[in-house]
Amino acid sequence: MSILDFVKPDRITIYELSDNRSVFHLKPLEPGYGITLGNALRRVLLGSLKGFAVTSIRIKEVKYEFSTIKGVIEDVTEIVLNFKKIRFKQKTSEINKEVVNVHIGIGDIEKVTGDILNKFISNFQVLNTDLVICNKDISIPLDISFTIEEGRGYVPAEENKKSNDHLIDTIYIDSIYTPIKNVKYTIENCRVGQKTDFENLSLDIKTDGSISPKFALMEASKILIQYFSIFSYEKIGKKKQEEIGENKKYNEEYLRMKTLLKSKLSDMDLSVRTKNCLKSASIKTIKDLVVCDRNNMLKMRNFGKKSLDELESKMKEKGLYFGMDILEYKLDKE
């Protein structure tokens, strides 16, 4: 049966219940397509959309998570858990930094809330302004630094620790990046002509306010389209079996290399010294690294032969080298 013979939704109805909650109705759908689309969209919405979260925190004169602070009612563990709940909305899309560092100094204030944090953050807005971070004595100053990073889904504290230069007084925390608070879907029968077994899919999407439900649904759909396009006719429909066998290894290597080039340098497990040298030279991704000239690397400040040997060894393990031609991977178009 041709795909043109399938009954597809002729409209999508949107009911905006609030700024961060909407219900989408898709009908009519062929029998069984309600759960197919609903489950796929729900999984992508909950786990694959980008967001921002706190990844680490430093409190002056505090070296361990299981500590207390003089004049502060909450212990450090409670404060860390409260930072984990903060939801951020990006004010501008022109932030090029991978990590945004924020420092707050609080003096004669008894209750520290998300609204107070907004006074110290320029690139982001704290959405849950009524969230209480801690309660303290008005005469006790509180000095806190924390980092905000972009990511997907949920990342445990151990992974955040591995991907950063570890300092003894830095407390790494679990990061909840997903901007989606809840997704529910229901399926009901609907009538098309004389048939009553077609389906109406209702998607109830609630976000944390950093993005709209409509934008979230569009982004989830784009992700699914990108994955399903792998099975398009142009890619597999015209290939003979022997051609698929010959090109399979090339295609897998191409995708592996493309993914590798887009990854961060933290994935290479480099020493702290080498990472700091590269960071100071604005080399943030593996793509930035491989296009460099080998001889110019030694001209970087504090970058010596030992660091170069380490880099070349790590690159060789992954099939990389200096001066690579990466045009075929079309990274600039993504």
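Start with the open sheet of 4 strands, ordered β5-β9-β3-β11 and paired in the antiparallel sense. Select β5 (99-106) and β11 (171-172): they stand at the edges with a single partner strand each, so one side of each has no neighbour in the sheet. Strands here are DSSP runs of E with at least two residues, helices are runs of H or I with at least four, and both are numbered from the N terminus. Two strands pair if DSSP finds at least two bridges between them.

A word on the model before moving on. It is predicted: local features need pLDDT of at least 70, side-chain atom pairs count only at pLDDT 80 or more, and totals for chains, interfaces and linings use all residues. Residues are numbered from 1 along each chain as its sequence is written, and side-chain values use heavy atoms, with hydrogens and water left out.

**Stop 1**

Click H103 and look across: S145 in β9 stands opposite.

**Stop 2**

Select β2, residues 21-29. Of its 9 residues, 7 are buried, so β2 is largely enclosed by the rest of the structure. Buried means under 20% relative accessible area, exposed means over 50%, and partly exposed is in between (1.4 Å probe, protein chains only).

Show β1 next. β1 and β2 form a hairpin with 2 residues between them. They pair in the antiparallel sense over 7 bridges. Find I14, which stands opposite F24 in β2.

Then show β14 (residues 195-207). It also pairs with β2 in the antiparallel sense, over 7 bridges. Here L29 stands opposite E199 in β14.

**Stop 2: H25**

Stay in β2 and pick H25. Which residues does H25 touch, beyond those up to four places away in sequence? They are R11, I12, T13, Y15, N200, L201 and S202. A contact means heavy atoms within 4.5 Å. The C-alpha atoms of H25 and R11 are separated by 8.3 Å, though the two residues are 14 apart along the chain.

Zoom in on S202. Its side chain makes a polar contact with the side chain of H25, at 2.6 Å. A polar contact is a pair of N or O atoms within 3.5 Å; within protein, one must be able to donate a hydrogen and the other to accept it, and residues adjacent in sequence count only if both atoms are side-chain atoms.

**Stop 4**

Move along to P28, still in β2. A cis peptide bond joins K27 and P28, with omega about -5 degrees.

**Stop 3: T113**

Jump to β6 (residues 111-113) and select T113. Is T113 buried or exposed? It is buried, with a relative accessible area of 13%. Leaving out residues up to four places away in sequence, T113 touches T129, L131, V132 and I133.

**Stop 4: two loops**

Select E61, in the loop between β3 (50-59) and α2 (76-84). Its phi is near 70 degrees, a positive value in a residue other than glycine. E61 is exposed, with a relative accessible area of 77%.

Finish at S282, in the loop between α8 (272-280) and α9 (286-290). Phi of S282 is near 60 degrees, again positive in a residue other than glycine. S282 is exposed, at 53% relative accessible area.
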